Amino acid sequence: MTLLACQGYLGYSALNGQFGIENRAQIEADIEVLQDRSSALQAEIDAFEHRVNLMNPKHLDPDLVTERARALLNMAHADDLLIMVDPKSGKPISGQFEELIDDQLMQIIQADSTL
């Protein structure tokens, strides 16, 4: 009788237990979800590794670094060609600085705080 009860319990567990045949589909679905999540996290890790590698001094292009730094600091080199742009229209201002009245030049500079 005890042997029959043990066999019944094992048979029930094989079909309906946590790792039984009935739950196999759920386990496989969970595996797929976790694999997709793992792939997404690996892509994110790769993106961060790429960004870190770009900051490696051995891989930086000095010309690009100085160009970006000057743009962020709103500074120019003596050899740079500067083109004044009207902030309202976005078009270059024709002529030379001498042609602009001081008030007009100040208005353009004050209108665009990045200058």
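Predicted model: local features only at pLDDT ≥ 70, side-chain atom pairs only at ≥ 80, totals over all residues.
**Whole chain.** Start with everything selected. The chain has 4 helices and 0 strands, and along the sequence these give the pattern α-α-α-α. Colour by relative accessibility next: of the 115 residues, 5% are buried. The accessible surface of the chain is about 10,700 Å², and carbon and sulfur atoms contribute 59% of that area. For contacts with a sequence separation of 6 or more, 11% join residues 24 or more positions apart.

**Phe-19, Ile-27 and Ile-31.** Show these three side chains. Together they make a nonpolar surface patch with about 310 Å² of accessible area. Ile-27 belongs to helix 2, residues 24–54. Its relative accessibility is 32%, so Ile-27 counts as partly exposed. As a general point, an α-helix has 3.6 residues a turn, so residues three or four places apart point the same way.

**Helix 3.** Move to residues 62–73, the 12 residues of helix 3. At 1.5 Å a residue they should span 16 Å, and the end C-alpha atoms are 16 Å apart, which agrees. The number of buried residues among the 12 is 0, so helix 3 lies largely in the open.

**Asn-74.** Finish on the residue that follows helix 3: Asn-74 has a positive phi, near 55°.

Methods: Residues numbered from 1 in each chain as written. Heavy atoms only, no water. Helix = DSSP H or I, 4+ residues; strand = E, 2+ residues; numbered from the N terminus. Expected span 1.5 Å × (residues − 1). Buried < 20%, exposed > 50% of the residue type's maximum accessible area, 1.4 Å probe, protein only. Patch = residues over 30% accessible without salt bridge, like charges linked within 9 Å, V, L, I, M, F, W, Y side chains within 5 Å. Areas by Shrake-Rupley, 256 points an atom, 1.4 Å probe, with all protein chains shown as cover. Salt bridge = Lys/Arg side-chain N within 4 Å of Asp/Glu carboxyl O. Contact = heavy atoms within 4.5 Å.
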